[in-house]
Amino acid sequence: MASILRYFTKPKYYEPCPRAWHHAAPIGNRLYLWSGRTDDFSAISRRKLASVVEIYDPYLESWQQEATTGVPPPGIYDGGCTSVHESLLSYGGTDGELYFGALHQLNTVTLNWEELHQSTPQGPITKKGCRLVSFQGRKVGLFGGHGIPTGPTQPGSTFIRNTGFSDGRGWTNEFHLFDLQGGLWSSPRTTGSRPPPCTDFTFTAIDAHRGVLFGGYSPEHGWMNDVYIINVQTMHWTKLYKSGGGPWPAGRAHNAACCLNYGEEHPQLLINGGWDKDDKIL
């Protein structure tokens, strides 16, 4: 009887622990998941979470956990994340107290972390709630977030101080590009309708030169459902407006998004989940 039950009982496979504000990005045909905020957020738990990467294979329908080497990013949740070739890139984030401003890379072949660029007053501010996007694997765009200024405000951007903190932190709509070959941040001047200072939106590449920003929280506008597109060839922001009587997603933050037909003439953005203004899960 026991042997029959074993035959008909689905074996229990490994699954990552529940978490939020994690980093996740596709590389090849697998999904790489790193860090996040868990129920047990002690120092020991944080170190353990930062020292491994979770890998999901959709063909095998299974997870596996691998240990990493090197020094992982200290901001283990709510930072910016994207994939470039065979690497996972992470910027900023927080450990629950401090904000960080360095750019790190995980080589998914060697599973080794390295710091690509330290936090400097000439680069983006130390922050969380920002988002990264990769443009053709040559440059990485970084927008927005909630952080602490380390230098003068980027020309053309706006900083709104959060009066709930005494250290000057607040919301920003600064936009930076990181040259992966040169290893340096640049602060491009942009035109058009730049998004307001905001956090926890999605920033998704739809072709080699354009990225779409959707949703997020803004201290001026609350939970947003606006759509903005940046073209890094022209450095121009375009805001899309609802036309006709078709549906339009509700305002939200902490949602997910992906491009269904990257690089085609009419790319489509798929969004899912998030929290609305009443802290309800959508």
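**Entry 1**

I looked up Phe 203 and found it buried, with a relative accessible area of 8%; buried means under 20% relative accessible area, exposed over 50%, and partly exposed in between, with a 1.4 Å probe and protein chains only. The model is a predicted one, in which local features need pLDDT of at least 70 and side-chain atom pairs count only at pLDDT 80 or more, while totals for chains, interfaces and linings use all residues. Residues are numbered from 1 along each chain as its sequence is written, and side-chain values use heavy atoms, with hydrogens and water left out.

I then turned to Trp 237, which counts as buried at 1% relative accessibility. I noted the rule for ring pairs: rings of Phe, Tyr and Trp (its six-membered ring) pair if their centres lie within 6.5 Å, and planes under 30 degrees apart count as stacked, over 60 as edge-to-face and the rest as tilted. By this rule the count comes to 14 aromatic pairs.

I checked Trp 34 with Trp 113: the ring centres are 5.0 Å apart and the planes stand at 55°, so this pair is tilted. Trp 34 is in strand S2 and Trp 113 in strand S9, so the pair ties together parts 79 residues apart in sequence. Strands here are DSSP runs of E with at least two residues, helices are runs of H or I with at least four, and both are numbered from the N terminus. Trp 34 and Trp 113 are both buried.

I went back to Phe 203, which forms a stacked pair with Trp 237, at 6.5 Å centre to centre and 20° between the planes. This pair links distant parts of the chain, with Phe 203 in strand S17 (residues 202-205) and Trp 237 in strand S22, 34 residues apart. Both belong to one aromatic cluster, together with Phe 143, Phe 175 and Phe 201.

**Entry 2: a sheet of 4 strands**

I followed S2 into its sheet. I found 4 strands in an open sheet, ordered S1-S2-S3-S4, with antiparallel pairing; two strands pair if DSSP finds at least two bridges between them. Strand S1 (23-27) and strand S4 (62-67) are at the edges with a single partner strand each, so one side of each has no neighbour in the sheet. From one strand to the next the twist averages 25°, where axes are lines fitted to C-alpha atoms, for helices over the stretch in contact, and angles run from 0 to 180 degrees between N-to-C directions.

I read off 5 bridges between S1 and strand S2 (residues 30-34), which run antiparallel. His 23 stands opposite Trp 34 in S2.

**Entry 3: helix H2**

Which residues of helix H2 are buried? In H2 (residues 43-50) I found Ser 45, Leu 49 and Ala 50 buried. Seen down the helix axis, the buried residues of H2 fall within an arc of 125°, so they line one face of the helix; the arc is that of the directions from the helix axis to the C-beta atoms. On the other side of H2, Ile 44, Arg 47 and Lys 48 are exposed. The buried residues of H2 pack against S2, strand S3 (52-57) and strand S9 (112-117), contact meaning heavy atoms within 4.5 Å.

**Entry 4: a sheet of 5 strands**

I traced S9 into an open sheet of 5 strands with the order S5-S9-S8-S7-S6 and mixed pairing. Its edge strands are strand S5 (69-70) and strand S6 (80-84), each pairing on one side only. S6 and strand S7 (residues 87-91) pair in the antiparallel sense over 5 bridges, and Gly 80 stands opposite Tyr 91 in S7.

**Entry 5: salt bridges**

How many salt bridges does a search of the whole structure find? I got 8 salt bridges, taking one as a side-chain nitrogen of Lys or Arg within 4 Å of a carboxyl oxygen of Asp or Glu.

I looked at Lys 127 and Glu 174, whose closest N and O atoms are 2.9 Å apart. This pair links distant parts of the chain: Lys 127 is in strand S10 (residues 126-128) and Glu 174 in strand S14 (residues 170-179), 47 residues apart. Both Lys 127 and Glu 174 are buried.

I also looked at Arg 210 and Asp 207, whose side chains meet in a salt bridge of 2.7 Å, N to O. Arg 210 is partly exposed at a relative accessible area of 25%, whereas Asp 207 counts as buried at 14%.
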